[in-house]
Amino acid sequence: MKARHPALLLLAAILLPQFAYAARISELTETGLAERAVRFFTLQDPSLRFALVGSILLGISCGLMGAFLVVRKLALMSDALSHAVLPGVALGFLWNMTKDPVAIFIGATVAGLLGAGLVQAIRNTTRQKEDAALGFVLASFFAVGVCLVTMIQNLPGGNKSGLDKFMFGQAAALGPGDVMLLGGVTILAVVIVLAFYKEFLVTSFDAAFAISVGIPARVFHYVLMVLLAFAIVSSLQAVGVVLVSAMLVIPAAAAYLLTDRLGMMLVLSAIFGVTTGAVGAFFSYVGRNLPTGPLMVLAATAVFLAALLLGPRHGVLSRWWRHRSRSARIGRENMLKVMYHVLEEEGFRGETVPLRDLAEARREAIEDVQVEMRSLRSHGLVTISGDGQAAVFTPDGWKRACEIVRNHRLWELYLTHAANYALDHVHEDADKIEHILGEDTVRLLEKRLNYAHRDPHGKLIPGLADIHSGGPARIHPAT
Amino acid sequence: MTLPLSDVPLEVHDMSVAYHQKPVLYGIDLAVPAGNLIGIVGPNGAGKSTFIKAIMGLLPLSSGWVKVFGKPYAENCRRVGYVPQRESVDWDFPVNVMDVVLMGRYGRLRLGQRPSRQDHDVARECLEKVHMLPYAKRQIGNLSGGQQQRVFLARALAQESDLYLMDEPFVGVDAATESAIITLLRELKTRGKTVLVVHHDLSSARDYFDMLMLLNMRLVAFGPTPEVFTSEMLQTTYGGRLTILSEVVETLGGGTK
């Protein structure tokens, strides 16, 4: 979002000097890393307990809300909302000049909903589209917020206000009040999503249909927006205004990579939220002077990258692996086909195929053929004779070879007869199709071609009897 | 009307609809008799989809009223099944075919109530009717256009309604799906259901529907296909005369109704 950069620069210029001090998670600065890790896992500091519980709770509420944002294509909305709440945070503080969680919660929620309403109003009454409206509201509210926060910082005693921690988040600054608030918001979100899962599902997928069956889609949209505002506002202290939208979007986006069901996506998104919340709190505690928000977002990004790489269906690695194993299979099947051709040339008089003939037919070095033959042997498709110079089909290999040749010739016949391809155009196409024709399609083709015995070049098409004969010696003579 | 009012599947009186103060539909008067297969035909921008959406309250009426089986739509929405245009939803949405068809049951469930075993059984039967049962567990994005349309149709069947409103169900589907859909529509008709179908292909409209509704911003004609499908009527619907009306509407802007 372009509109954010000037605001960010301004923010950095104002806040960074104080930031190095303010972002410290704990006052214990003299202990070592390992000792701090031990302290983390034994939960000795009460402030740490609040930080951890708070981070886990915000992971759940942000994960759930984020999943709906992602599937409803409202990810930018969370960015606008989270930036729009900043003036509300400042006004909540000004209410009685303390960091009262309830006052700040109310102020921030009101500002956030005002911002969301303004986006809606701009979109509905002017020709501006939603993205421009979002950018405008986000930047202007945030600018007001930064000015207000800076003014408070400059008030006498204002530099101890802790408001600067709302920018990038400080889980260690969570108090019992904050955690109670987070707990309330999370329970509310979980209960409402569980109770109205069906309604949220249908209004997210097909709002018009939902309305047509009498489900008030608009009401559920607003319920979701209010819950979203609650989730954002209650998470501000721990994650910060600038990055809270990432905690909404990234765990949900990672979950979206791993599943095709909304229910599972909600569960995964909440789990990822909890994990990244806890990991962020841990590193913030162990690594001194590090703000929690960026650490949580980095942890979430790591989860997203892992899902992107390792996801079973849409993952980069599994796609690469599927592609690789398919090319390997095609390579093996092509070799089987050449073996079949060599035997066919001889009229199926012998069973052994000299590797020299294969190398000649494929115009390859004999060493390459040997390498590929070893791969075929390891897949149980051929055996290699004693001196390593000839190969013999196993029944499995013979079956597959017959199928490939049958597929190739059937497809050629189909293209020339049914699709009116010229005879010299069909070979390349058949070379690709032969590897992917399923048995059902083969049955259809055979029927369509009246169970023809010969391909367009006059060669015999292997039939079921040949395929199951176990080996070339028992094939009927080519007549 | 000789029939009691509650037996008229759809009655529309003086319906007008405007988008951003610009009228799209003008004073539509219509009473649809039960047990018919009705095609809504007209040129692009004639307001065919608008008409269907306005019946269901998806768009506000600027004047007039709609009654479904003698009552306002909201009170009888359970008796109406809807097939939206296929492009109206995101097919990458994380749901599978079964999830979508189950949505057809939602109108019969209370707020917060989950679909029961019977609802699942009905959904499965409806999937079977459109020959999509083997795909029940597929994510909806991994389907062809025709299969997606059949999923939408199965969802509407699962609504077990008496009046069906379908928005361009024949767009972008293969020939096999098209004939499967028309078979299904005729079966619905023989079971006494009333089906309104927005249709853009004039050449097939005559074969598919017993009644036609010719629409171009206003209702040009409504009646049995042989009576309505005449060159004169079609000329009026598609021909130049109505461009004058639409030009006047343009200049009127918000001034009407």
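Predicted model: local features only at pLDDT ≥ 70, side-chain atom pairs only at ≥ 80, totals over all residues.
Across the interface of chain A and chain B the rule finds 3 salt bridges. Residues are numbered from 1 along each chain as its sequence is written, and chains are lettered from A and ligands numbered from 1 in the order in which they are written. Local features need pLDDT of at least 70, side-chain atom pairs count only at pLDDT 80 or more, totals for chains, interfaces and linings use all residues, and side-chain values use heavy atoms, with hydrogens and water left out.

In all, 26 residues of chain A are in contact with 30 residues of chain B, contact meaning heavy atoms within 4.5 Å. The two chains bury about 2500 Å² between them, 65% of it on carbon and sulfur atoms; buried area is the accessible area (1.4 Å probe) that two parts lose on being put together, summed over both. In chain A, the residues that lose the most area to chain B are A:Lys198, A:Phe205 and A:Phe209, together 31% of what that side buries.

Chain A also holds an open sheet of 3 strands in the order E1-E3-E2, with antiparallel pairing; strands (E, at least two residues) are DSSP runs, numbered from the N terminus, and two strands pair if DSSP finds at least two bridges between them. Strands E1 (352-354) and E2 (382-384) of chain A stand at the edges, each with a single partner strand, so one side of each is left without a neighbour in the sheet.

Terms used
Salt bridge = Lys/Arg side-chain N within 4 Å of Asp/Glu carboxyl O. Helix = DSSP H or I, 4+ residues; strand = E, 2+ residues; numbered from the N terminus.
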